[in-house]
Structures are given as structure tokens and as C-alpha cells.
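Open the structure in your viewer and keep the selection tool at hand. The stops below take you from one part of the fold to the next.

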Amino acid sequence: MPALIKLQDVHFSYRIPDTDPVAALAGIDLEIREGEFVALIGANGSGKSTLAKIFNALLVPGSGYALVDGLDTREKSSRPRIRAAIGMVFQRPQDQIVATTVGEDVAFGPGNMKQPPEQICALVNSALKETGLFSYRDRASYLLSAGETQRLALAGVLAMRPSCLIFDETTAMLDPAGRKMVMEQARRLHSSGHTIIFITHLMEEAVQAERIIALH
């Protein structure tokens, strides 16, 4: 399989006013191939979430380069295509919820991508069915449980039809049943052809991946 994501000698530091830069990544070289299921592990502060944001161009390397499907994340014109290809589900799903009802929230992404109304409707219905939320379409998003909110965040990403999904410690705030549900969805998406990058601090989750990348 060809490389979907390729990083070469990537460094990144956070710039904080009136203090020295704080290094988060130093000398990262890696490739993630299309269709892989990769677990990304490491202690708190090792740079896992920073690396995930490098993958989908929310952050740009301070030096070195990151390519996504051959597109350089440093090129502003490439970033919309990169972010459409690399979807992220964050640890706090409520940070991704932007609308008052479940259906409206899932429609937000395809709407921003200027999809026609009939296509948005089809994408929303498909994403809600994939995540088991179809019957919740008209429910207020703030009334959902933690597990349901996590599924809504995933549905919002799926509606944009990314080829790769990054789960950024998505299970950290869930109970065992919720964690099992997320892992089952990740495996199901992988079996359907998606590239999966699963960031976790739980080894029982990491060992379900095909490959583990550890950050120190």
C-alpha cells in the first residue's frame, strides 16, 4: 500500500509569550500506509495530540515536512483537501458539537464543504445509521449521554467521508461499555477500508492495532 501520511524530520515547538519555546516533537520520521490500523501511544506530554494535528494540518511543522496523500501541509491551498481526507475525533466530543440537534450537527461538515442539499441529506442519513444514531436525528444534542455524544462526534466526521480517521484518546472519558463501543466502530471502519490512527494510553486498546508507534 502507498503511504497516505509521510513525515520527514518533523520538529514542532509551542510558542508561548515571554517564555522560551516548548518543544513538543523532535526529529519525527514515519509513514502510515493506506488502509493501516495504527495505534499511537506514549506518556502524557509525549506529543501524541500534537502529532495528530500535524497529520491533518491543524498544525504545521516548524521544520521538516508532512505529506498527506502527496500534499504538503505547509501549502495553505492544500489544507482543505487534507482536512477532508483526515478526520479527527477528539477526547472531548462536546468540543466538536456545533448545532442544537443531532441531524443539524452531522450536516454541518458537508454543508461547509458546499455539498448540494440532497447529497448532504444522504451523507447525514448514512453517518447516523453507521453510528446507531438515526432515530436520534431530531434530538437535542445536549441531551445525549457521554457515549452518544462521542458517537455524534464520530458521525459528524464520517459525514465528510474521510479516508483516514484519527481517534485522539476518544475513549479516555468513557466507561468500559463506551470504550468497547468505540473500539468496535474503529475496527468496523478499518474493515471497510478506512485508515485508522488510534491514540490511546490503554495497552488493551493498542494491541488491537496492526502496528504500534510509541512516542518518548
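Which strands does helix H1 lie across? Select residues 48–55: helix H1 lies across E1, E2 and E4, and runs at about 55 degrees to E2. Angles here run from 0 to 180 degrees between N-to-C directions, with axes as lines fitted to C-alpha atoms, for helices over the stretch in contact, and contact means heavy atoms within 4.5 Å. Helices (H or I, at least four residues) and strands (E, at least two) are DSSP runs, numbered from the N terminus.

Before going on, note that this is a predicted model, in which local features need pLDDT of at least 70 and side-chain atom pairs count only at pLDDT 80 or more, while totals for chains, interfaces and linings use all residues. Residues are numbered from 1 along each chain as its sequence is written, and side-chain values use heavy atoms, with hydrogens and water left out.

Next, show the sheet. Four strands form an open sheet in the order E2-E1-E4-E5, with antiparallel pairing; two strands pair if DSSP finds at least two bridges between them. E2 and E5 (71–72) are at the edges with a single partner strand each, so one side of each has no neighbour in the sheet.

Select E1 (residues 3–14) and E2 (residues 22–33): eight bridges join these antiparallel strands. Phe 12 is opposite Leu 25, and Tyr 14 is opposite Val 22.

Is Phe 12 buried or exposed? Phe 12 counts as buried because its relative accessibility is 11%, whereas Tyr 14 is partly exposed at 33%. The cut-offs are under 20% relative accessible area for buried and over 50% for exposed, with partly exposed in between (1.4 Å probe, protein chains only).

Last, select Val 106, Leu 165, Phe 167, Ile 196 and Phe 198. These residues have the most contacts inside the largest nonpolar core, which has 33 residues. Such a core is a set of buried Ala, Val, Leu, Ile, Met, Phe, Trp, Tyr and Cys residues joined through side-chain atoms within 4.5 Å. H5 gives the most to this core, with six residues.
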